[in-house]
Amino acid sequence: MRALQKAGLVEVEEGAQHADAIAIDAAADSSSQVVMDHSAEPVAAEPASPAVPVPEGPIVEQRPFEDIYAEQSVQASAFPAEKLLKILDGLAALDPASRIAAVRALDAADDAWTIDDALLDAERKTRALAAARSQLEQLARAGLEQARAAVTERDQRQQDAVGRIRSQIADLEGLLEREVTRATEEKSALENAARATKEACLREVARLDAEAGRLKRLAATFGGTATATTP
């Protein structure tokens, strides 16, 4: 607040200076989100950082931004962008022009930091988040490609297995057909043999009966029963 008063933006009575300073400090520590002023002096672009390898494995959600910035080698800033965002949020009651003027007054009153520090930090972190996003997209694409390759490979293994099983089924069906044919032939041969035996028996029985009848006619012709004589 003293910096704003020094810059001639506000006039504060001496009795209220201490209370106003506490209020500004408390507002400067409140939480984040702000629309930045693009009319500030342009910041020189830094050379692009070397590409960070795309991590492998499942995507980890809700990772702290500090971890992402560290992985992307974002340099530490004398005045982080988040700090400037908190100050702007603390001045949310003011209109945009007054907020910008107040921040510029703070910048002019404190040699330890500048708005350019925060802008440069924001630019670095924006590039880091873009690189992290690109890595996530590459990781997602790689996962999708791996899944497709795995599905294709699984389909091929399924087709190979189905082909082998069908071949085995065909072999078994052929074996079954041969076994049924052989069994049918063997049963037919057994039945034919039994029938031939029965028919032979009937023929032989008829022959024997016929001979016996022929011999019995002698007894009928000569009467009685022949007496056996001893030679």
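I looked up pLDDT (the predictor's confidence in each residue, from 0 to 100) and found it under 50 over residues 1–45, for which the model has 59 contacts beyond four places in sequence; contact means heavy atoms within 4.5 Å. Residues 47–52 also stay under 50, with 3 such contacts. I note that this is a predicted model, in which local features need pLDDT of at least 70 and side-chain atom pairs count only at pLDDT 80 or more, while totals for chains, interfaces and linings use all residues. Residues are numbered from 1 along each chain as its sequence is written, and side-chain values use heavy atoms, with hydrogens and water left out.

**Overall confidence.** I read a mean pLDDT of 78 for the protein, with 72% of residues at 70 or more. Confidence is lowest in helix H2 (residues 14–28), at a mean of 42, and highest in H6, at 93. Helices here are DSSP runs (H or I, at least four residues), numbered from the N terminus.

**Aromatic pairs.** I found 2 aromatic pairs. Rings of Phe, Tyr and Trp (its six-membered ring) pair if their centres lie within 6.5 Å; planes under 30 degrees apart count as stacked, over 60 as edge-to-face and the rest as tilted. Phenylalanine 65 and tyrosine 69 have ring centres 6.3 Å apart and planes at 20°, so they are stacked. Both sit in helix H3 (residues 65–71), 4 residues apart, about one turn of the helix. I checked tyrosine 69: it is buried at 11% relative accessibility. Buried means under 20% relative accessible area, exposed over 50%, partly exposed in between (1.4 Å probe, protein chains only).

The rings of phenylalanine 79 and tryptophan 113 have centres 3.9 Å apart and planes at 15°, so this pair is stacked. Phenylalanine 79 is in the loop between H3 and helix H4 (81–90) and tryptophan 113 in the loop between helix H5 (96–109) and helix H6 (115–222), so the pair ties together parts 34 residues apart in sequence. Phenylalanine 79 is buried at 4%, and tryptophan 113 is buried at 8%.

**Aspartate 117.** I located aspartate 117 in helix H6; its relative accessible area is 24%, so it is partly exposed. Aspartate 117 touches Ser77, Ala78 and Phe79, not counting residues up to four places away in sequence. Its C-alpha atom is 6.4 Å from that of alanine 78, 39 residues apart along the chain.

**Helix H5.** I listed the buried residues in H5 as Arg99, Ala102, Val103, Ala105, Leu106 and Asp107.

Note on methods:
Helices (H or I, at least four residues) and strands (E, at least two) are DSSP runs, numbered from the N terminus.
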